Amino acid sequence: MKNSKVLVWSIVVALGGFLFGFDTAVISGAEKAIQHLWDLSAVEHGFTVSIALIGTVLGAMLGGIPADKLGRKTTLFWIAVLYLVSSLGSALATDWYVFIFFRFLGGLGVGASSVAAPMYISEISPAKSRGKMVGLFQFNVVFGILIAYFSNYFMQDMGDDAWRWMLGVQALPSLIFLLAIIYVPESPRWLIMKKGDVQQAREILNIIDPQTSEETLFAIMNANEETKDKPSARLFSAKYKTPVMLAILFAVFNQVSGINAIIYYSPRIFEMTGLGAKAAFLSSAGIGFVNFAFTLLAINFIDRFGRRTLMAIGSVGVIITLGLVARAFFIKDFTGVPVFLFVYIAFFAFSQGAVIWVFISEIFPNEVRANGQALGSFTHWFMAAVIAFSFPIISEYLGGGITFSFFAIMMILQLIFVWRIMPETKGTSLERTDKTMILH
């Protein structure tokens with residue numbers, strides 16, 4: 001990347017993704033200790049694990065409001081505050097209700113981050129490298145997941161309060177994110193569309209790419225002029241039906257792959273297959289590493305091969321691996337399950353994991369991008385909450401075979417979606433993509 005400042009801004013904002021990933025995965029190491037500490041029933045336990053996701057759903061649903069009203073940067077600052085308060089409060093919780101409250105606050109931060117961060121990065125990135133830049137967010141998500149798994153592994157022997165250290169260590173990167181976000185500029189598209197500040201937007205666009213800054217400025221202003229005298233844009237109108245449909249379907253498929261069931265409950269799943277507790281923790285760390293490695297690979301290919309190609313490859317891979325895991329549960333032979341899950345994570349990371357936030361941040365016009373991003377993120381996290389809450393209950397009553405078979409069938413439907421419906425968005429400006437989506 002030629003422009004080091006854009007890269008630095010993207011990395012700083014993507015720290016929100018690191019905290020998103022860490023917060024999401026860290027509960028996998030603490031959930032069993034918390035269940036025993038407060039003697040939680042199966043339903044209470046499911047609620048404890050999914051409370052952060054309930055907060056995430058709400059944060060995603062409402063995240064577009066401050067992103068539009070206050071700006072992308074200010075919203076990211078307050079997200080950092082939520083992460084910091086949540087990590088300290090969860091670690092120091094004196095009872096179950098206090099713990100639930102602070103985990104809920106962290107969820108609000110995760111949900112709002114999944115709206116504001118990819119949107120900000122997509123709005124400051126040159127078209128030719130936008131996939132890679134927005135992919136930094138997902139890269140940091142899986143890096144956060146990896147660090148959470150290794151952190152849990154190394155802290156598991158720290159006594160009865162090990163779970164407090166697992167959750168509390170997140171305060172350090174939260175503080176770094178809080179201080180670093182002060183030094184990034186506001187999105188030039190937000191400055192023009194919401195504040196009418198053309199001069200400041202021009203200065204930022206000149207830093208991003210001086211050769212195309214005036215052309216980009218004209219395109220943004222032209223798009224703004226086309227919508228300025230019209231009634232307030234409503235996301236759920238016929239005009240935007242195509243991007244709305246694409247965002248909802250993409251987000252639903254992302255979660256019915258079973259990814260968050262595996263991320264949250266990986267130590268438990270590995271123990272179900274006969275591994276000891278320590279081996280299960282180490283295998284979970286292995287999942288985090290595979291996720292990290294293949295996301296890194298994907299963000300180097302996403303602008304070259306395109307979004308649809310990655311999705312097609314990944315869909316085939318996850319169908320096969322989920323089918324093999326389901327078969328193992330049916331025949332009660334778990335010999336290859338850890339390998340199947342590693343391969344599943346590799347295909348997921350190379351496709352859905354890397355593509356989702358890039359694709360959703362690209363398909364909505366400027367005037368409804370914040371609300372569109374919020375819709376995609378809300379759908380994603382609503383489904384994640386449903387899966388995380390129901391997985392321990394369904395797998396207990398129906399068994400792993402039926403549960404993983406359901407995930408495999410959903411991925412067959414996803415492959416049909418990619419083949420028949422999903423458009424390609426690589427290499428085009430946001431404004432040109434907007435026009436294509438509206439005319440679809």
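**Aromatic pairs and the fold around them**

Tutor: In this predicted model, counting ring centres that lie within 6.5 Å of each other gives 28 aromatic pairs.

Student: What are the centre distance and the plane angle for the rings of Phe-20 and Phe-137, and how is the pair classed?

Tutor: Planes over 60 degrees apart count as edge-to-face. The ring centres of Phe-20 and Phe-137 are 5.7 Å apart and their planes stand at 70°, so this pair is edge-to-face. The pair links distant parts of the chain, with Phe-20 in helix 1 (residues 4-37) and Phe-137 in helix 6 (residues 130-155), 117 residues apart. Both Phe-20 and Phe-137 are buried.

Student: Which parts does the pair of Phe-47 and Trp-96 tie together?

Tutor: That pair is also edge-to-face, at 6.3 Å centre to centre and 65° between the planes. Because Phe-47 lies in helix 2 (residues 42-62) and Trp-96 in helix 5 (residues 96-124), the pair ties together parts that are 49 residues apart in sequence.

Student: Is Phe-47 buried or partly exposed, and what is the relative accessible area of Trp-96?

Tutor: Buried means under 20% relative accessible area. Phe-47, at 29% relative accessibility, counts as partly exposed, whereas Trp-96, at 13%, is buried.

Student: Which residues form one aromatic cluster?

Tutor: Phe-329, Phe-334, Phe-391, Phe-404, Phe-406 and Phe-407 form one such cluster.

Student: How many helices and strands are there in the protein?

Tutor: The protein has 19 helices and zero strands. Its radius of gyration is 21 Å, close to the 22 Å that the globule rule gives for 440 residues, so the protein is as compact as a globular protein of that length.

Methods
Residues are numbered from 1 along each chain as its sequence is written. This is a predicted model: local features need pLDDT of at least 70, side-chain atom pairs count only at pLDDT 80 or more; totals for chains, interfaces and linings use all residues. Side-chain values use heavy atoms; hydrogens and water are left out. Helices (H or I, at least four residues) and strands (E, at least two) are DSSP runs, numbered from the N terminus. The radius of gyration is taken over C-alpha atoms; the globule rule is 2.2 Å times the number of residues to the power 0.38. Rings of Phe, Tyr and Trp (its six-membered ring) pair if their centres lie within 6.5 Å; planes under 30 degrees apart count as stacked, over 60 as edge-to-face and the rest as tilted. Buried means under 20% relative accessible area, exposed over 50%, partly exposed in between (1.4 Å probe, protein chains only).
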